[in-house]
Amino acid sequence: MAVAKHEKWSSGLTFLLAAVGSAVGLGNIWRFPYVVGENGGGAFVLLYIGMVILFGIPVVMTELMIGRRYQMSPVNSLATIGADKPARRLWNALGWSYVLVPIGILSFYGVVAGWTLNYVVKMGSGSLSGLDSTAVEANFNGMMSDPVTMIFWQTVAMLITMGIVARGVKGGLEKAVEILMPALFIILLVLVAYALYAGNVTKAVDFLFTPDFSKINAKSVLEAAGQAFFSLSLGSGAIMTYGAYLTKDISIPKMSCGVAFADTLVALLAGLAIFPIVFANGLDPEAGPGLVFVTLPIVFDTMPFGQVFGVLFFLLITFAAVTSTISLLEPMVSYLEERVPHMRLKMTFLAGAVTWAIGILAALSLNVMSDFRPLGMFKTFETMGIFDLLDYFSANVFMMLNGLLIAIFAGWIMKRTALLEELGLADSWLFKFWRLLIKVVVPIGLGYIFWDFITT
């Protein structure tokens, strides 16, 4: 089918910033520290890095390759490739999954982006100054229990996301990431330097980098794979959609490694920024999703010019979150724009409004709907509301399921000549190694994780 042509990235650097912006964000600075805390520290970090190398990089390459080759949304790209292939309906369904899954992710992700916006205001007003860890935690819990506050800030986050996406690749996303991603990295380095100076470095480094494999179980393996996919935005349609805007002169293997390296580096830096302060203040590293919002205000309150750094940090982490929310909204907008050309503004509003509505349910599940447990009949999910279920199934199930199927598709369905042409590796050992990973290692590894998940 003929579809409307999309904009292209101005350069490889702008693409790299955008792809890193999609990957780096709340998945690294919000989610990574508390997932590490909940899974025992150093052994989980090694497991996570292994997942990035074995599963993450090969799937990044695959998604970029498919996106760039057909230069369409995931729905139309996979429909085009799979039109004359076995199991055609499965690949059509996979294309739709690559568009619908990010809507589910963005529904709860937008809520958390709202938290960061709220904390910009809190830090700027000084309302968190002079509070001990108990009072800061009570302040966070108070925000969570207030449905009006939660929905207001979630709405603001979604309006910002929709406003940037509506302006397109060059007019919106590129202008944001070229400024905000380097700035976020600089602020994070400053925070790490302070945490290493003022925090309990020995205990934090021991926790992060000394492996205790007795703490690793099947759940940890699932969480590590899920975190790798969540952090790299794999299986969410973002990377494949961004690949459709990539010019032919850009090296997919180099860009894939660059994105994975930057993403993992920021995740580790986030751990070094947070855990020294956690241990120095006697906080619980297994505190869960609120870890960043409890520990960081304490950091800023005790450092020189802390209020300024606090405002800058939460402002920049907000924009890092927004570069991720943009990438999650873009797959659906890309598809709708192909169906209705020259109507990007209206299509962005439509996709954003649907996501916002689902996000309201996620926000309310943390307060007035906290007793509603949609899957409460199952022991594993008996304590999970809508927000927790969206988080759990997005990262641990659907993103990896998409990754598993796209690996099978690229490894066993796509023609070898097409793979060679798009990856630009020639018939080298590197290409053979990538194909071994994508044909055998990724499907078996992710398949085993899924089997263990289903049977546990």
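1. A polar contact here is a pair of N or O atoms within 3.5 Å, where within protein one atom must be able to donate a hydrogen and the other to accept it, and residues adjacent in sequence count only if both atoms are side-chain atoms. This is a predicted model, in which local features need pLDDT of at least 70 and side-chain atom pairs count only at pLDDT 80 or more, while totals for chains, interfaces and linings use all residues. Residues are numbered from 1 along each chain as its sequence is written, and side-chain values use heavy atoms, with hydrogens and water left out.

2. Threonine 241 sits in helix α11 (residues 238-243), helices being DSSP runs of H or I with at least four residues, numbered from the N terminus. A polar atom of the threonine 241 side chain lies 2.6 Å from the backbone oxygen of glycine 237. Threonine 241 is buried, with a relative accessible area of 0%, where buried means under 20% (1.4 Å probe, protein chains only). Beyond its neighbours within four places in sequence, threonine 241 is in contact (heavy atoms within 4.5 Å) with Pro74, Glu330, Pro331 and Ser334.

3. Pro74 is also one of the buried residues of α4, together with Val75, Asn76, Ser77, Leu78 and Ile81. Because six of the eight residues of helix α4 (residues 74-81) are buried, this helix is largely enclosed by the rest of the structure.

4. Asparagine 39 lies in the loop between α2 (26-38) and α3 (42-70) and is buried, with a relative accessible area of 5%. Its side chain makes a polar contact with the side chain of serine 220 at 3.3 Å.

Conventions
Helix = DSSP H or I, 4+ residues; strand = E, 2+ residues; numbered from the N terminus. Buried < 20%, exposed > 50% of the residue type's maximum accessible area, 1.4 Å probe, protein only.
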